[in-house]
Amino acid sequence: MMQTSCKDGTFVHAVGNIIHCSDGTSYVWTGYGLSGPYGMASGNCRTINEAFGIVVGLHGGSAF
């Protein structure tokens with residue numbers, strides 16, 4: 001399980017292939033695609049770590 005606090009105050013954590021954000025949004029990583037509440041966020045994620053990094057980047061980056 002990965003988790004971090006973001007600069008915009010959002011907490012992000014990943015369990016399995018689902019990434020949850022404390023603002024109520026969720027993202028799903030499926031192979032190479034990362035889809036979120038507004039459609040496809042990325043079409044080139046090879047690992048859940050890359051997908052997690054993209055979601056954290058969408059929230060301003062890590063606060064640490």
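Q: Is Cys-6 buried or exposed?
A: The model shown here is predicted. A residue counts as buried when its relative accessible area is under 20%. Cys-6 has a relative accessible area of 2%, so Cys-6 is buried.

Q: Which cysteine sulfur is closest to the sulfur of Cys-6, and how is the distance to be read?
A: A disulfide requires two cysteine sulfur atoms within 2.5 Å. The closest cysteine sulfur to that of Cys-6 belongs to Cys-21, and because the two are 7.1 Å apart, they are too far for a bond. Cys-45 is likewise in no disulfide, as the nearest cysteine sulfur, that of Cys-21, lies 14 Å away. Under this cut-off, the protein has 0 disulfides.

Q: Is Cys-45 buried or exposed?
A: The relative accessibility of Cys-45 is 0%, and therefore Cys-45 counts as buried. For the protein as a whole, buried residues make up 34% of the 64 residues.

Q: In what order do the elements of the protein run from the N terminus?
A: One reads the elements along the chain. Here the order is β-β-β-β-β-β-α, which amounts to 6 strands and 1 helix.

Q: How do strands of a sheet pair, and what is the order of the strands here?
A: In general, strands of a sheet pair through backbone hydrogen bonds, and the pairing is either parallel or antiparallel. In this protein, 6 strands form an open sheet with antiparallel pairing, in the order β1-β2-β3-β4-β5-β6. The edge strands, β1 (2-5) and β6 (39-42), each pair on one side only. From one strand to the next, the twist averages 20°.

Q: How many bridges join β2 to β3?
A: Strand β2 (residues 11-15) and strand β3 (residues 18-21) run antiparallel and are joined by 4 bridges. Within this pair, one may look for His-13, which stands opposite His-20 in β3.

Q: Where does helix α1 lie?
A: A helix can be described by the strands it crosses and by an angle to one of them. Helix α1 (residues 48-58) lies across β1, β2, β3, β4 (26-30), β5 (33-36) and β6, and runs at about 15° to β1.

Q: What radius of gyration does the protein have, and how is the value to be judged?
A: The value is compared with that of a compact globule. For 64 residues such a globule would have a radius of gyration near 11 Å, and the protein, with 10 Å, agrees. Along the principal axes, the C-alpha atoms fill a box of roughly 30 × 20 × 15 Å.

Definitions and conventions. Residues numbered from 1 in each chain as written. Predicted model: local features only at pLDDT ≥ 70, side-chain atom pairs only at ≥ 80, totals over all residues. Heavy atoms only, no water. Pairing = 2+ DSSP bridges. Helix = DSSP H or I, 4+ residues; strand = E, 2+ residues; numbered from the N terminus. Axes fitted to C-alpha atoms, helices over the stretch in contact; angles between N-to-C directions. Contact = heavy atoms within 4.5 Å. Rg over C-alpha atoms; globule rule 2.2 N^0.38 Å. Buried < 20%, exposed > 50% of the residue type's maximum accessible area, 1.4 Å probe, protein only.
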